[in-house]
Amino acid sequence: MIRQRGGRGGGRGGFQRQQRPNPYESYLPLLQVRNGLRLGQLKQGFVRMFPSSKDEAIVTTQDGTEILLTSMNDRNRAFPGDEVAVEVYTEKQWMVNIEEFTSHCEKVFGPLTEAQARALKDLTEPKANPQGAKASNNKSSQPRRRVTLEEFRLAVDGRLSSLLTNRDQNSNFIQKTGKVVHILTKVHSRAAIGSIKPMKDNDRMALLIPVDRRLPAIKFQINEGPPDFLRNPNRYQNLLFKIKVPRWEERDFLPLGSDLSQVGQAGDIDVETQCILLKHDVDDEEFSPEVSAFIRQLFPWRIPASELAARKDLRDTCIFTIDSKVTDDMDDALSIEEVETGIYQVGVHIADVSYFVRENTELDDATRERAVSVYLENKIVHMIPIELSENLCSLIAGQDRLAFSILWRMNGAGEILNEWIGRTIIKSCVSLTYDVAQNLMDDPKRVHPMPQVHGRFTIQDVIQRMRLLKSISNHLKAKRLQDGALMLESVEVVYELDPQTGKPTGYKGTIDHFQLVQELMVLANKAVARNIYLSVPEKAILRIQPEPREAQLQKLVELCQSLGITLNVSSPGALQASLEPFRLSDEGKWLALSRLVMKCFQKSKLVCRGSIDDETPTYHYTLNTTCYTDFTSPIRRYSDVLVHRVLAASLGDPSQCTTSKEDIQNALDRYSRKNASANSADSDSVELFLSYLIQDKGPLQEPAIVLGVYEKYFEVLLINLNITRRVYIEDLKVQVISHNTENNGPPALIIEWPAEGQRGQATRQRITVLSRVVCKLVSKNEQLKWTCLIERP
């Protein structure tokens, strides 16, 4: 709206001066927002942005509805991760996904007429640029994927638009839209790292261009920058700076930043890692003085007499840790003893972090804020102080430690006869990695040097017990599969690092086939879930996972059917049985199909049972169980610390868990958001190190398998790296012969490679889902950027 200013008559001579409208709307008053939320007129949720777009974002509301914010104006100065109140637009402003709609039409009506196909294609054409505006070369901005319902209805015939009225089906291709009317919680740190450049036609201001492409450019006063910046801007083009955004007024299209500081050279491994941590809002600052003072007074530490009296003493039991790689924060250990012929006492022992991290303390506040440990390729950001995570809480071999233990009496087939859960004192005798443990079981002569075993036990004692546990875990896995669980796998990448530079010199991609630990951890989580659900149901913390989205799963079934693959999706167990032949015969297809299946899954989440409706199912789809929790990683996950407190209450000590069910749920929700950020930071770190490897050792050749085929590109899974990438047709020196679906077959792309040499012939290549290709990863001119191509067949 154009606002007018000036008194009666509009100022001098009665002339009314027009003021440029603000690019953003003012926020609604908080009282009005609360009333709107209570009445259902507004929706509440968190802003989730797309990795490479500062325009579009999604707000997922508390009831699971996704609301699309189509522009920076609709986002209204909210940053990624912020908790916001959203007003949903009227239906005519909702968006139609053209590709999804076209697919649905062809299922209902069969092939589209030429006129219908042309109408839909015309809709996807990019809007004309305003006069004088630059055309964008960004691949992702070329064709429009979505148009408004109003545009759509005006462009297509009545037969097609009639499909929009079926509410049960149109949710697959119609997206609600809206705008932010208030920021409820500023979750994002309001800080950014990026390069700086002068601002055109304004010598008093400059711009910081964030490395995080979800963020807009940030203005800052020129006197905040280097003294010679305007005279010599090129001197700073490869340096990165950090800036804070204390406020963002509605009159400013771009935010105004302050406190500009130099971080370091772009491309430096530590600087780029710092960018990842900031992008994902990971706090790697020192703990507060209050927390540090508490930690100092713990030392020298020894187990108090009161704990010795109250806990079961298992220090004379052969207990050991097995982790995927060498680590200092060990929070789980195992044991097995034959108590009578053919009957065993099997133990899972988990570090008792809740003994140190008590409710309503500064340490608890700090732990809840961090919520999760973050593991990058070259750095660990611990959830709790390192004096706890790598010392007093860590189950270090040869050291007395406090634990929660679960002891089962079972036979050699893994059939449980009875169960005990309680607080214990343990002493691990040895720390092993998966590789070392497997080699010890297969052939101890292959292990050098031999791990140090503490106390009265020998390495042979440990090997004998691991072999028993391996046998029992195989039975447990078979039983889980028989009961209908779904087990999908993916490749884990480990980089080999140069000790001097810290940069990668190579990598190893492996699938974790060491199931011994995993099976016992699943068993422990189920046992604790049952215990707390029966004993303290109002505060029981459960992990639930709804069934996959039916429409997406059906789409995958039809795709696989077109490839000659039958997927039975009637249950997780049936789906497992459909995929199992590929796991045994074709690892590449198994990994690709696993990835496609996982895309259909809904995310699992942690809930406090007392904070959800009684009708809400506690089912976990992949595990095919109705009672599951997270108990086994309290050093790394705050949710597990909460589970330990609830478990302590179930064992007769309610003073350990006085937190209300509402506050427990709020803490779980925060953990879930922080855990998602930690996973994204880990993925970014893996890709960063791959970028260094391609830059220093590339081009790299990698086997890949196609996951999706589209008009302008196809998506591949780099099998040994567990990374998906798009291969753009325009980057290949090929001619597109056709892109279509023939005779109910899968989407196919036929390209033609030009003849090589004077006597060579052109080569045609058909690319469809599950096609195998060899990819070439090539470094681009931009620092740490690379592109994915394919080799000529």
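These legends walk you through several close-up views of a predicted model.

**View 1. An aromatic pair, Tyr355 and Phe356.** Welcome to one of the 13 aromatic pairs counted in this model. The ring centres of Tyr355 and Phe356 are 5.0 Å apart and their planes meet at 85°, so this pair is edge-to-face; the cut-off for that label is an angle over 60 degrees. Tyr355 has 14% relative accessibility and therefore counts as buried. Phe356 counts as buried too, because its relative accessibility is 4%.

**View 2. A cluster of aromatic residues.** Here you can find Tyr24, Phe79, Trp248 and Phe253, which together form one aromatic cluster.

**View 3. Charges over rings.** Look for Lys312, which sits over the face of Trp420 at 4.7 Å from the ring centre. Arg370 lies over the face of Phe287, and here the distance to the ring centre is 3.9 Å.

**View 4. The largest nonpolar core.** This core has 159 residues, and those touching the most other members are Ile322, Leu334, Phe714, Val716, Leu718 and Ile790. Helix H20 (residues 661-697) supplies the largest share of this core, with 13 residues. Apart from this core lies another one of 19 residues, including Met72, Leu208, Tyr236 and Leu239. In soluble globular proteins, nonpolar side chains tend to be buried together.

**View 5. The surroundings of Ile790.** Ile790 is one of the core residues that touch the most other members. Setting aside neighbours within four places in sequence, Ile790 has contacts that include Phe714, Val727, Leu732, Ile751 and Trp753. Also among the contacts of Ile790 are Gln765, Cys775 and Lys776.

Key: Residues numbered from 1 in each chain as written. Predicted model: local features only at pLDDT ≥ 70, side-chain atom pairs only at ≥ 80, totals over all residues. Heavy atoms only, no water. Phe/Tyr/Trp six-rings, centres within 6.5 Å; stacked < 30°, edge-to-face > 60°. Buried < 20%, exposed > 50% of the residue type's maximum accessible area, 1.4 Å probe, protein only. Lys NZ or Arg CZ within 6 Å of the ring centre and 35° of its normal. Core = buried A, V, L, I, M, F, W, Y, C linked by side-chain atoms within 4.5 Å. Helix = DSSP H or I, 4+ residues; strand = E, 2+ residues; numbered from the N terminus. Contact = heavy atoms within 4.5 Å.
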